[in-house]
Amino acid sequence: MFKKSLIATAVVGALSASAVAQAATVYDQNGTKVDIYGRINYMITSGGTQDLTPGADKTNGSEFQNNGSRFGFRASHELNSDLSAFARMEFRFNADEVNRDPMQVRNSFLGLKSQQLGTLTVGNFDSVYFQAVSSLFDVYENEGLISLDTGSTSSRGDTVAYASPVFSGLQGHVQVKHISGNDAPVGVRDNSSTTSTAAAVTYSWEDLYLAAGYNQSKDVSDRGASYPSGGGGNNSAGEDIWGVSAQYQFLPNFSARVMYEELGSVNEGASASAIKEIVGLGATFNYGQGNLYADVYDVSYVGDISSNNPWAIGVDYRFSPMRVYAEIFDEDASGENIDDSLLYTVGIRYDF
C-alpha cells in the first residue's frame, strides 16, 4: 500500500498519472474515458513577514482568501493493449467573492503512454525536476515549500517531456522548453529561438525513494528570445539548478524526507537576498484521520547574508471528501525594516 502512495507522491510514474482526488467519470465508452474533478479551498491567514518601510502595503493582517480553488477535465483513450492517448485541462478561479477576473489556465497537456516505450507529454505542466526532487516537500495547503524550482522554472508551457519505462524501480525523465525569439526587433540582438532543458532520475525500492535532478534554468536576458509572460520563466538568480532528495517510510504511518539543492551559477545583478543553496529536512505522521507534517530548512543566499532557518508545521483532519487544516510558517526573514512574524493559516477544503 505504501509503495503505491509513495510513487504517486513523488510522481515516479508519468506526468499523465498524476493523482486527482475524488475525480468523477462523466464518460466511459469505446475505450474513451473522461473525468471531471476540482476543489473549493478557503483559508484565513494572519501574520507573516511585513515590510515596515513607510508607505509599504500592509500584508500581515488577517484575511479571508481563496486558496487555489480549481476544476479540470482528464481524458484517456486506449489505442491498443499497451498504448493510450491522454489529455488534461485544468482551470483555477477565485471562489471567495463575486468577481469578473478571468480563470487561470493551469496544467494542461496531452500525450501518449506506453508501458513498453514510456510516456511522451506535450504542453503545460510542472517541471520534471520539481516532480522528482522538490515535490516531496510540497505538502502544505499554504506556505511551507522552499525550493529553487517549485514547478514553474523553465516549464509550464511550450514544453515536451519524456519519461522512460520503469526498470527495476529506476526511471528517467527529460524535458525541453521552447523559448521563441519572435516579436523581438530584428538586427538588435540574437533573436533565434532557444531551449531550456531539465532532467531527473528516480529510484523506488520497497520503503525507499531517491531522486536526483537538474534544471538548466537558462538565462535569456541578453537575447531577443524571451520566456512567455504567463509563467514558466527561469530562476532569476541564476542558472543550473542541481538537487537530490530522498524519502523513507520508517513505520506504516511515519515517513521522513531530506533534500539538497544548489544554484550552479549566479546571474549578474542577482539580488543579494536570492537563494543560493537549500538543505531541507521533514517528516509526515498519519494519525488515522489525517496527517501531521513539518519541515525545517537551512537556506544560504547569493550575497554576504547569514543563512536562515525557515520552518513550517501543519495538521489536517479529513472526513472525505472534506478536510480542515491549520498551519504555521516562519520565513525567518532578516533585514532592515522587516517584521518577521509567524504566518498562521486555518482553512477548509472540499474535493470533488
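Two strands are taken to pair if DSSP finds at least two bridges between them, and the legends below apply that criterion to close-up views of a predicted model.

**View 1. Strand 13 and its pairing with strand 14.** Strand 14 covers residues 254-266 and runs antiparallel to strand 13, to which 12 bridges join it. Within this pairing, Ala246 stands opposite Val258 of strand 14. The passage from strand 13 to strand 14 is made by a hairpin through 2 residues.

**View 2. Strand 13 and its pairing with strand 12.** Strand 12, made up of residues 208-215, also pairs with strand 13, in the antiparallel sense and over 8 bridges.

View 3. Gln249 belongs to strand 13, which spans residues 238-251. The relative accessibility of Gln249 is 9%, and because the limit for a buried residue is under 20%, Gln249 counts as buried. From this position the side chain of Gln249 reaches the backbone oxygen of Leu251 at a distance of 2.8 Å.

**View 4. Ala24 in strand 1.** Strand 1 consists of residues 24-29 and contains Ala24, a residue that counts as partly exposed at a relative accessibility of 36%. When residues up to four places away in sequence are left aside, Ala24 touches Val34, Asp35 and Ile36. Asp222 lies 198 residues from Ala24 along the chain, and the C-alpha atoms of these two residues are separated by 47 Å.

**View 5. Ala274 in the loop between strand 14 and strand 15.** Ala274 is placed in the loop that lies between strand 14 and strand 15, the latter formed by residues 275-286. With a relative accessible area of 15%, Ala274 is buried. Not counting residues up to four places away in sequence, Ala274 touches Ala237, Ser300, Tyr301 and Val302. Ile305, which is 31 residues from Ala274 in sequence, stands 9.9 Å from Ala274 in space, C-alpha to C-alpha.

**View 6. The salt bridge between Glu141 and Arg349.** Side chains of opposite charge can pair when their charged atoms come close. The structure holds 13 salt bridges, and in one of them the side chains of Glu141 and Arg349 meet at 3.1 Å, N to O. This pair links distant parts of the chain, with Glu141 in the loop between helix 2 (128-132) and strand 9 (159-163), and Arg349 in strand 19 (residues 338-351), 208 residues apart. Both Glu141 and Arg349 are buried.

View 7. The side chain of Asp351 meets that of Arg323 in a salt bridge at 3.6 Å, N to O. Here too distant parts of the chain are linked, since Asp351 lies in strand 19 and Arg323 in strand 18 (residues 322-330), 28 residues apart. Asp351 and Arg323 are each buried. Asp351 also forms a salt bridge with Arg349, in which the side chains meet at 3.1 Å, N to O, and Arg349 is buried, as is Asp351. Through salt bridges that share partners, Arg39, Glu141, Arg323, Arg349 and Asp351 are joined into one network.

Technical notes. Residues numbered from 1 in each chain as written. Predicted model: local features only at pLDDT ≥ 70, side-chain atom pairs only at ≥ 80, totals over all residues. Heavy atoms only, no water. Helix = DSSP H or I, 4+ residues; strand = E, 2+ residues; numbered from the N terminus. Buried < 20%, exposed > 50% of the residue type's maximum accessible area, 1.4 Å probe, protein only. Polar contact = N/O pair within 3.5 Å; in protein donor to acceptor, adjacent residues only side chain to side chain. Contact = heavy atoms within 4.5 Å. Salt bridge = Lys/Arg side-chain N within 4 Å of Asp/Glu carboxyl O.
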